[in-house]
Structure formats: structure tokens, C-alpha cells
Amino acid sequence: MKKVFCLFCYTLMILAFCHFHPEASFANANHHSSTVEVILRRVYLDGEVSEEVKTEHHHSIADVIAKYQDWQVVRQDGDEIVFQKQIDDLSPLLKTNGFFGIMEDGTLSIFNGKPDADNEVIQSFFQIDIKKLESYRHLQLKRGIPVKNKENYLNVINTFKAYSADEFK
């Protein structure tokens with residue numbers, strides 16, 4: 001009876017140890033886990049590219065690739081995999097801070113903030129023939145037209161294409 005009790009106590013100690021230290025459990029002893037750096041690259045409609053870096057623990061590279069099955073593998077070398085996804089939307093930067101405006105040379109552009117010389121140009125499109133532009137449209141562009149969403153972005157571009165100095169309409 002004393003042997004059974006000792007065996008029982010020993011078993012409980014092992015189970016408690018494995019519970020509080022799962023990395024040492026027998027189930028994990030035969031599985032080798034590695035890490036890989038995963039870079040998730042998002043390419044937005046406006047050309048903006050963002051990257052998110054993650055460290056993934058895996059048993060095989062195939063497990064990691066399967067986890068990101070909606071992404072395209074762009075590069076895989078050593079301990080790094082780069083995935084890419086085309087996003088059918090505008091970048092968060094454009095939605096938050098983007099304003100359509102006009103540069104001094106008449107180019108329709110999107111500024112990071114309201115259009116002025118201090119704010120950087122995020123994206124440029126085409127030159128506008130200022131002579132064709134109604135005064136209220138010119139004033140709109142000088143003040144800045146906020147980029148609200150994809151539909152608004154496309155509508156503004158199409159509206160001002162009619163005033164383009166280029167002949168690609």
C-alpha cells in the first residue's frame with residue numbers, strides 16, 4: 001500500500017510539473033518548433049505600401065504558408081517569409097490625412113494635410129488646365145478636398161479629368 005501511495009504521489013508531482021511547465025511535457029518533447037519572421041506587405045489602391053512584421057512559431061514552413069493562404073508568397077529565404085496582399089481600398093494614411101489639392105504648376109495632387117507648401121505630396125495625377133476650371137472648383141482645390149473613401153477618391157479624380165491639360169481623357 002505504501003508503494004502505491006508513493007507511486008501515486010510521484011505521478012501527481014509529474015503531472016503538476018507538466019501543468020506549470022508545458023514546455024517540458026512529454027507531448028512536446030518529440031516536436032521541434034522553430035521560428036520564422038513573417039512580413040505582411042499590404043499594397044493599397046493609392047500605391048501606399050505598409051508592412052507588418054511578426055514572429056511565427058511553427059513545426060514546418062508549410063504550416064506558416066497555410067496560415068496565410070489568402071496572401072501571396074513574394075520571397076522566402078532562411079528564417080524570413082514575405083507575404084503580399086493587394087488591398088482594394090485606400091491606405092489608412094490617405095483616409096486620415098489626405099486632401100486633394102492643386103500644386104503651383106497645376107498638377108492635381110493629394111497632400112498629407114490641407115494643400116500648402118509645408119505639407120508633403122502623397123500622390124500626383126495630371127496637370128489641370130486652369131483656364132478651363134470654374135472658379136469654385138479652383139477654390140475647392142486651393143482649400144483642399146478631403147479624401148473620405150474609395151468612392152470619393154475615384155469621383156474626384158474623374159471629375160477633374162475633364163479639366164486635364166493632357167489629352168488622355
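Which residue forms a salt bridge with Glu-52, and how far apart are the closest N and O atoms? In this predicted model, the partner is Arg-42, with 3.2 Å between the closest N and O atoms. Glu-52 sits in strand β2 (residues 49-58) and Arg-42 in strand β1 (residues 34-44), so the contact ties together parts that are 10 residues apart in sequence. Glu-52 itself is partly exposed, at a relative accessible area of 30%.

Lys-67 is exposed, with a relative accessible area of 55%, while Glu-56 counts as buried at 10%.

Asp-88 and Lys-150 also meet through their side chains, again in a salt bridge of 2.9 Å, N to O. This pair spans 62 residues, from the loop between β4 (80-87) and α4 (92-97) to helix α6. Asp-88 is exposed at 55% relative accessible area; Lys-150 is partly exposed at 26%. Elsewhere, Arg-75, Asp-77 and Glu-80 are linked in a salt-bridge network.

Then there is the sheet. Four strands make up an open sheet in the order β7-β6-β5-β8, paired antiparallel. Its edges are β7 (121-127) and β8 (145-146), each pairing on one side only. Two bridges join β5 (residues 98-102) to β8, and Phe-99 stands opposite Pro-146 in β8. Helix α5 (residues 135-143) packs on the sheet, touching β5, β6 (107-112) and β8, with its direction at about 130° to that of β5. Helix α6 (residues 150-161) packs there too, touching β5, β6, β7 and β8, at about 30° to the direction of β7.

Conventions
Residues are numbered from 1 along each chain as its sequence is written. This is a predicted model: local features need pLDDT of at least 70, side-chain atom pairs count only at pLDDT 80 or more; totals for chains, interfaces and linings use all residues. Side-chain values use heavy atoms; hydrogens and water are left out. Two strands pair if DSSP finds at least two bridges between them. Contact means heavy atoms within 4.5 Å. Axes are lines fitted to C-alpha atoms, for helices over the stretch in contact, and angles run from 0 to 180 degrees between N-to-C directions. A salt bridge is a side-chain nitrogen of Lys or Arg within 4 Å of a carboxyl oxygen of Asp or Glu. Buried means under 20% relative accessible area, exposed over 50%, partly exposed in between (1.4 Å probe, protein chains only).
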